[in-house]
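Hi,

Here is the structure I promised to send over. My notes follow below it.

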Amino acid sequence: MNFVIANPTGLCFGVRRAIEYLEIALHENKSVYAMGNPIHNPQEVERLSRLGLKVASSVAEIPGGAAAFIRAHGLSRGKHAELREKCRMVIDGTCPFVRNVQKKAAELGREGYEVVVLGDSGHPEVKGILGHIDGEALVVKSEKYINLRGRRAKIGILSQTTQREADLAALASKLVFLTEELRVYNTICRATVKRQEAIKKLAESVDAVVVIGGRNSANTGALVEISRSSGLDAKWIEHAGELDEGWLRDKVKIGVAAGGSTPDWLVNDLTAKLLKL
Ligand code: SF4
């Protein structure tokens, strides 16, 4: 089968780094307790579970003296401290880009800015960021949700790493008229943007796309959406076994893309299968 792989695609730097840390910890410990799923990919979580990964949804679920792991999304200062208190060791897989947002958030809070975070309030990365701010902070999905009464002295804006730059610009444009002083940190990570640009480029030269990644992965879903909105037939699969050979029959050249949380071994399985067809 004639195919071309989007570039860049697959694991981003932060998730790759966190999983490497986790693998080393699993090699050295019989079991490691992660605070939340370490990656939005069920096959990879299953593989890591066979090596001794346990997924906990709260610090209370982690037994005292255990080895704990913090995923790339990071954690609030309070929960981090609880883990250090309770566990024998804490492996910190927080992505350095996320840690940068946490530091900027703490700095804004310390310097008396009212902090506005562009993001999804239920997302673990955002919860972690909020947990680094002393005082109140507001989380908004877009500038449309801003409804401040009265003019403010100082407002500081930052963003969840996976937000759109256009939304950050719109938020800053609105808030600049509601405060005496505005400080804006562009904390958006380019990894997601670059993967989306790569699939748009790929769509120009293929007649269909296979996107591989967990069905619980929002960024994988975004790649599928982008392919379809470019007018392409796009299939979303979690692993090579789900690829329907009948669907490929009338295709001349297909594109392959992977979500930012799809491990290399799943992409390699898929390309090995395509090479045999
Ligand atoms: S998307 Fe960016 S910020 Fe998020 S884990 Fe990956 S590299 Fe880090």
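Start with the cap on helix 2. N41 caps the N-terminal end of this helix, with a side-chain oxygen 3.3 Å from the backbone nitrogen of Q43. (A polar contact is a pair of N or O atoms within 3.5 Å; within protein, one must be able to donate a hydrogen and the other to accept it, and residues adjacent in sequence count only if both atoms are side-chain atoms.) Helices are DSSP runs of H or I with at least four residues, strands are runs of E with at least two, and both are numbered from the N terminus.

This is a predicted model: local features need pLDDT of at least 70, side-chain atom pairs count only at pLDDT 80 or more, and totals for chains, interfaces and linings use all residues. Residues are numbered from 1 along each chain as its sequence is written, and side-chain values use heavy atoms, leaving out hydrogens and water.

Helix 2 spans residues 42-50. Its buried residues are Q43, E44, V45 and L48 (buried: under 20% relative accessible area, 1.4 Å probe, protein chains only). They pack against helix 1 (13-28), strand 3 (53-56) and helix 10 (264-276). After helix 2 comes G52, with a positive phi near 120°.

V32 is worth a look. Leaving aside neighbours within four places in sequence, its contacts (heavy atoms within 4.5 Å) include L22, G52, L53, F69 and I91.

Overall, the protein has ten helices and twelve strands. Of its 277 residues, 51% count as buried. The C-alpha atoms fill a box of roughly 65 × 50 × 20 Å, taken along the principal axes.

Best wishes

Definitions and conventions: Buried means under 20% relative accessible area, exposed over 50%, partly exposed in between (1.4 Å probe, protein chains only).
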